[in-house]
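Hi there,

Here is the structure I promised to pass on to you.

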Amino acid sequence: ESTAQVKVVTTMSILADIIKQVGGERVQVENIVPMGAGPEDYQATPGDSQKIANAQIIFFNGHGLEEWIEPLFENAGNPNQPRIELSATMKAIEDEEHAGDASGDEHGHEGGNPHFWLDPTYVMSYTTTIKDELSKLDPAGAASYSTNADNYIKQLQTLDADLQAQAS
């Protein structure tokens, strides 16, 4: 049965990879920032506004990493669109005390390092959030998302254990 795919837009290829792992065939993921480009310095294009306007759900890292996305949200004129900041519940990696400090115009990540995806335990949290949000949007796929997310988290746990073993 070919169901219409959920149209997902994300800001970074690493997030697109996680979403594909969880969503499988049920999602169609468009990524904005090209592989190898820094999300911080990215210049949005008119095509990006269009992608965002057409998306059913958007996942982005947050923590001030993609400041260029805010005007795109405004232009999309779609206030009910789910826009999920994956790092919203996380404190920045090395610096806890500035985590609540959301002044958006600073550069150089004074709020700590927002590159959460470098740590498998954070990626597990992203995976769970992605599973939950896709399931809300596409309840018929919930079982599939859940299975895929569990499998992916198991891989991440193995990876994390390997990294811990190497570190010690």
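Predicted model: local features only at pLDDT ≥ 70, side-chain atom pairs only at ≥ 80, totals over all residues.

**Around S135**

Setting aside neighbours within four places in sequence, S135 has contacts with A142 and Y145, where contact means heavy atoms within 4.5 Å. S135 belongs to helix α4; helices (H or I, at least four residues) and strands (E, at least two) are DSSP runs, numbered from the N terminus. With a relative accessible area of 16%, S135 is buried. For that word the cut-offs are these: buried is under 20% relative accessible area, exposed is over 50%, and partly exposed is in between (1.4 Å probe, protein chains only).

Residues are numbered from 1 along each chain as its sequence is written, and side-chain values use heavy atoms, with hydrogens and water left out.

The pLDDT is the predictor's confidence in each residue, from 0 to 100. Its mean over the protein is 85, and 85% of the residues reach 70 or more. Over residues 95-110, though, the pLDDT is below 50; this stretch has 17 contacts in the model beyond near neighbours in sequence.

**Salt bridges**

How many salt bridges does a search of the whole structure find? There are 3, counting a side-chain nitrogen of Lys or Arg within 4 Å of a carboxyl oxygen of Asp or Glu. As background, side chains of opposite charge can pair when their charged atoms come close.

- D138 and R26 meet through their side chains at 2.8 Å, N to O. D138 is in the loop between α4 (120-137) and α5 (142-167) and R26 in the loop between α1 (13-23) and β2 (27-31), so this pair ties together parts that are 112 residues apart in sequence. D138 counts as buried at 12% relative accessibility, and R26 is also buried, at 18%.
- E133 and K136 pair at 3.2 Å, N to O. Both lie in helix α4, 3 residues apart, about one turn of the helix. E133 is buried at 16%, whereas K136 is exposed at 59%.
- D132 pairs with K131, their closest N and O atoms being 4.0 Å apart. D132 is partly exposed at 37%, while K131 is buried at 18%.

**Where α1 meets α4**

The axes of α1 and α4 come within 10 Å and cross at roughly 55 degrees. On the α1 side the contact is made by L15, I18, I19, V22 and G23, and on the α4 side by V123, Y126, T127, I130, K131 and L134. The axes are lines fitted to C-alpha atoms, for helices over the stretch in contact, and angles run from 0 to 180 degrees between N-to-C directions.

**V8 in strand β1**

V8 is found in strand β1 and is buried, with a relative accessible area of 1%. Beyond its neighbours within four places in sequence, V8 is in contact with I19, V27, Q28, V29, E30, I57, F59 and L134. The C-alpha atoms of V8 and Q28 are 5.9 Å apart, although 20 residues separate the two along the chain.
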